[in-house]
Each structure stands twice: as C-alpha cells, then as structure tokens.
Amino acid sequence: VQLQASGGGLVQPGGSLNLSCAASGIIFSPSAMNWFRQAPGNQRELVASITSGYYTNYADSVKGRFTISRDNAKNTVYLQMNSLKPEDTASYLCNAVGRSRVTGPVGNYWGQGTQVTVSS
C-alpha cells in the first residue's frame, strides 16, 4: 500500500491550501481515510476523517475551516484548508484503514507527510 500526499507549502495566515493523498495497493472505496498532523515536539493529532459512507469528523481546532473529501474513482482523499493559522503549521500525514486484498486483514497504513507552514 502506498499513500502519496502532496499540496503542502508556505502560506500566509488566512490563506488556503488543498492537500491530496493518492492511494494505491488498497481497496479504496471501503477504506476509512484520515488526515493527521504532527508539529515538532507535539503528539500526532487526528485532523479529519472520512468513512466509506462519506461520514466526516473533524478536530475541534479545524471545524469550519477544513473540509475532507474523497474521490473513489481517483483513489484520492483531499483536505481543503481555509483560514489557515500559524498553529496549523505541521507535517500533514495521510492514513488509510482498509484491506489490500478482499480476503486480507484490515491494515493501518501511513504515507509520508507533506509540510504545511503558515507564516507571514
């Protein structure tokens, strides 16, 4: 299973970024997809999640500003981030919970992070 995150960068406070995570090697549509973030010295934090049924959940700190979505035809999950704040600065990691084959076990898979820096 490979999860390739992209879309990070440097943005001014109040700006927007749209992160993407392209998945391969996993049966995507039944999988739960999550975005986590981790800043230096901090614990990894769940930012947003989306289930196979498109149910979404968000950390309180990003509610109303971030939107998670998925495109099963493209095996891709997105994180639209608006009204960014300096405290959103972190490495953002894509996570998938699902199967790599129909009869296989449910696995927990991680991609490489994409860095988001919010600074003026």
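Colleague: How do β3 and β8 pair, parallel or antiparallel?

Modeller: Antiparallel, over six bridges. Keep in mind that this is a predicted model. One spot to look at is A22, which stands opposite T76 in β8.

Colleague: And what does β7 do with β8?

Modeller: Those two run antiparallel as well, joined by six bridges. T76 turns up again here, as the bridge partner of D71.

Colleague: How many residues sit between β7 and β8 in the hairpin?

Modeller: Four, and N75 in that turn has a positive phi of about 50°.

Colleague: OK, switching to cysteines. How many disulfides does the count come to?

Modeller: One. The bond joins C21 to C94, with S to S at 2.1 Å.

Colleague: Which hand does the link of C21 and C94 have?

Modeller: Left-handed, with -85° about the S-S bond. C21 lies in strand β3 and C94 in strand β9, so the link ties together parts that are 73 residues apart in sequence.

Colleague: Is C21 buried or exposed?

Modeller: Buried, because its relative accessibility is 0%. C94 also counts as buried, at 0% relative accessibility.

Colleague: Now the core. Which residues have the most contacts inside the largest nonpolar core?

Modeller: W35, L79, M81 and Y92, in a core of 30 residues. Elements giving two or more residues to this core include β1 (2-6), β4 (32-38) and β11 (114-118). β3, β7, β8 and β9 are also among them.

Colleague: What does M81 touch, leaving out residues up to four places away in sequence?

Modeller: Quite a list: G15, S16, L17, L19, R65, F66, Y92 and V116. Y92 is also one of the residues with the most contacts inside the core.

Colleague: And S49, where is that?

Modeller: In strand β5, residues 45-50. S49 counts as buried because its relative accessibility is 13%, and the cut-off for buried is under 20%. Beyond four places in sequence, S49 touches M33, N34, Y55, T56, N57 and I68.

Colleague: Last topic, the rings. Which residue lies over the face of W110?

Modeller: R44, at 4.5 Å from the ring centre. There's also R70 over the face of F28, at 4.7 Å from the ring centre.

Colleague: How many aromatic pairs does the count come to?

Modeller: One aromatic pair.

Definitions and conventions: Residues are numbered from 1 along each chain as its sequence is written. This is a predicted model: local features need pLDDT of at least 70, side-chain atom pairs count only at pLDDT 80 or more; totals for chains, interfaces and linings use all residues. Side-chain values use heavy atoms; hydrogens and water are left out. Rings of Phe, Tyr and Trp (its six-membered ring) pair if their centres lie within 6.5 Å; planes under 30 degrees apart count as stacked, over 60 as edge-to-face and the rest as tilted. A charge sits over a ring if NZ of Lys or CZ of Arg is within 6 Å of the ring centre and within 35 degrees of the ring normal. Buried means under 20% relative accessible area, exposed over 50%, partly exposed in between (1.4 Å probe, protein chains only). Contact means heavy atoms within 4.5 Å. A nonpolar core is a set of buried Ala, Val, Leu, Ile, Met, Phe, Trp, Tyr and Cys residues joined through side-chain atoms within 4.5 Å. A disulfide is a pair of cysteine sulfur atoms within 2.5 Å. Two strands pair if DSSP finds at least two bridges between them.
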